[in-house]
Amino acid sequence: MAIQIENVTKCFGRLRAVDGISLNVKRGELFAFLGPNGAGKTTTIKMMTGLLTPDAGTITICGHPMATDSQIAKSRIAFVPDQPFLYGKLTAREFMRFVGEMYGIDKSELPGRMQHYMDQLAVSGYADQLAEGYSHGMKQRVVLAAALLHEPDVLVVDEPMVGLDPRTARKVKDIFREWANAGRTVFMSTHTLEVAEAIADRIAIINHGRIVACGTLAQLKEKAAHEHRLEDIFLELTDPEDPPEMEETVLTS
Amino acid sequence: MTAIDAKTLVPATTRTEPTFWLLLRLKLTILRNRMRQLTDQTPLQLLMVLGFLATIWLGLYLIFDQVLRFIRQYEKEAIIALPYVFHLFFFSMTILLGFSTAVLVYGSLFAREEPAFLLTTPNKPRNIVAVMYVEALFFSSWSLILLGVPLMVAIGSVQGLPWHFYLTFIGAFLGFVPIPGAIGLVIALLVALYLPRVAKRSLMYAAGFLILVVLIIWARLWVISSTENITRQWVHELLGELSYVKSVLLPSAWVSKSIQMSIQDNSADAMFYLGMTILTGLCMSHWAISLVAYKLKPAFGRAHSAPTHTRNYTGWASRFVTAIAFFYLSRRMRAVILKDVRHFLRDPVQWSQLAILFGLLSLYLFYLPRSRPDGFTLQWQALICFMNFVAITLILSTFTSRFVFPMVSLEGKQIWLAGLWPLTRNQVMWAKFLYALTVTACAAIPVTYLSVRAVELSWAMGLAQLGATFGCCIGLCGLAIGMGARWPNYKEPTASRISSGLGGTINLIASVALVASNGTLFAFTCLYSLNERQLVGLEWHSATALAASIVISVSSGAFCMAIGIRKFRKEQF
């Protein structure tokens, strides 16, 4: 398993942001994580990437528990947040070199890899300019290229398509798909249901900190007993007026 | 190479563990790029900053030099007083550095996106904390360097000390800085762990506490100073009140002992105290870094995810105050001002600095008449009247440069909204000017009135000072708003960074120049009045100087407003 989440709970004061969720994501899987605002997606991702510690439960990345073996677990994972962070006074090339050295990529190998991912994500044109002048989309591309640089086993992305132009968005979708086909794992949190519908192998929907559905698109449709689009299923499962019973909708994990 | 090739993409192994030095190199690269950008794009600004620094250093050196020579005239008192200068200096530096390091470390470890990025990498928390700590020490200790280097050179030249004194002094400085730094690091951790989401308020409480301590000390000193004339007994009592700064338990006492011993050419004792200081600094840093690294993740989690103390704002008070203070404006212009008023009042960092500046000045003015129970001579009156005017207007210029200048830029990415408002752009600019003028005048006029009362000025001279101060308010606000619109920075959301840019620097220089010219003219006003041997009324010389001061202020403000309005009208949002 690439990602194992077992009975994880996280509370902020009285608020139970994540409420005993369990998820298993296999190697070579492109997994979409959906949910309305405040459902617990970002908290789950922050716990997966080691930014937050769960109050209960365990998270394991490629067999390494994040709680006890975090340094190795973190070396196997890459995280692309929804608000991309870059040092304003560094160029994209300097930032990527820093990330490469951080993850211990061989010096002889580093320039080639950097150039490859910069070309792939069309970063090369502005790679030597300071990041403070980049647009959101440009930053997103640099951060994604830097995340791919150490070729992590698990790529966690939060809202990957925000701010990207259609051509780059298409490129990113292709990369994710190819990445998963190559035996790696992509864990993607998104509000863009069309993207999840188009490329995800499996989809989980979280609401009020609990997983209300998890399975392939076909399984979700089958269980929802209609052939509607993912959007309809999502709206039905996260309806605040009529919350579904969890046991009925959790399909596989 | 294909996009993703399963054969070539073998999992990257961590061959070398990311280290502290890697992060330090990153910070140095950022610093190098920043400097390169400054020299390439704004060399004038860099030159001006360096020029200012050199002027301040020279000025401080001359002050220290004169003070030390003055103390040396009274040999016995000098033996008592000189150690106190060091003890007080390093004691106050402990507080200042501890507080500033805490603020900087909190900003870099718990309140920025950078630690979120670094914590997802395989770098050890210890390395992250260590590099942020070093960075904070670097940026917080500039005040020590700014004050310490001229002090060191002044002592060296006045006492005619050998070269090894300078080495001891530098060693003492470097060894001392980590002690308050480590305290600041732990304070930042405690704020993140136990006061998350109220970091700004914590800052306020800490500042409030410091002011309270200063007030208590002040009150105790006041009791002594108001009952005694300046005699040897008075000096002894006054210094006795400060004896706690010499406590052997305070590291600040060790570092000052080290310097004193070095001055007395007692190398053995100087090395002993220096060693104690350096070892304590290193030990405290080690423990503080270990503790913060151990608690970094939970503290970061709490700082970023603790439930926010939500509060409903009705805003009736700000609406009420704005409606009264700006009754003469149209409802739409008042709406623009109300928005700015609410922004200002709901940001404690903004209004607290104004309150602290003018609060301390008011205390000084309240204290002033008690320091000379027999009343003022005519010369004292004139001198203090002039000094008060300069002090108030200098503080005003600091305030307008720091808070008023960024007002246009702070509209930020929403600046296009200003283009959609049913107001002309002239009206938007004037609304901002009137708002700034009202706030500055409300702070400056009562303080000036206090100063007039404190010096027991005649009504005519009092009115003259009030008029000159109000004129200065107009000039400084016009300068700040006008230049803020002429050199805006809509991308930067932080007021302090906006004011430290090129436009801010030019505005600061122009403001200081205006204060200098007004100060000179006001000095003439006082001088001519004094020559008349009365200082009760204004004869034509002093009235002319006063009128010139007001005309220069108002015309400078109007000129800059015209430039700013012109630029703002042409702005393509």
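The model is predicted, so local features are reported only at pLDDT of at least 70 and side-chain atom pairs only at pLDDT 80 or more, while totals for chains, interfaces and linings use all residues. Residues are numbered from 1 along each chain as its sequence is written, chains are lettered from A and ligands numbered from 1 in the order in which they are written, and side-chain values use heavy atoms, with hydrogens and water left out.

At the interface, 42 residues of chain A are in contact with 43 residues of chain B, contact meaning heavy atoms within 4.5 Å. The two chains bury about 3800 Å² between them, and carbon and sulfur atoms give 60% of this area; buried area is the accessible area (1.4 Å probe) that two parts lose on being put together, summed over both. Of the area that chain A buries against chain B, Leu51(A), Lys89(A) and Met102(A) supply 17%, more than any other three residues.

Polar links also join the chains. Ten residue pairs, both at pLDDT 80 or more, are in polar contact between chain A and chain B; a polar contact is a pair of N or O atoms within 3.5 Å, where within protein one must be able to donate a hydrogen and the other to accept it, and residues adjacent in sequence count only if both atoms are side-chain atoms. On the side of chain A that touches chain B, the elements giving two or more residues are α2 (70-75), α3 (92-102), α4 (110-120) and α6 (166-181). Helices here are DSSP runs (H or I, at least four residues), as are strands (E, at least two), numbered from the N terminus. The largest share, six residues, comes from α3(A).

Turning to the helices of chain B, a kink of about 60° lies at Leu296(B) in α12(B), shortly before the proline Pro298(B). In α18(B), a kink of about 25° is centred on Ala441(B); the bend at a residue is the angle between axes fitted to the seven residues ending there and the seven starting there. Glu456(B) follows α18(B) and has a positive phi, near 55°.
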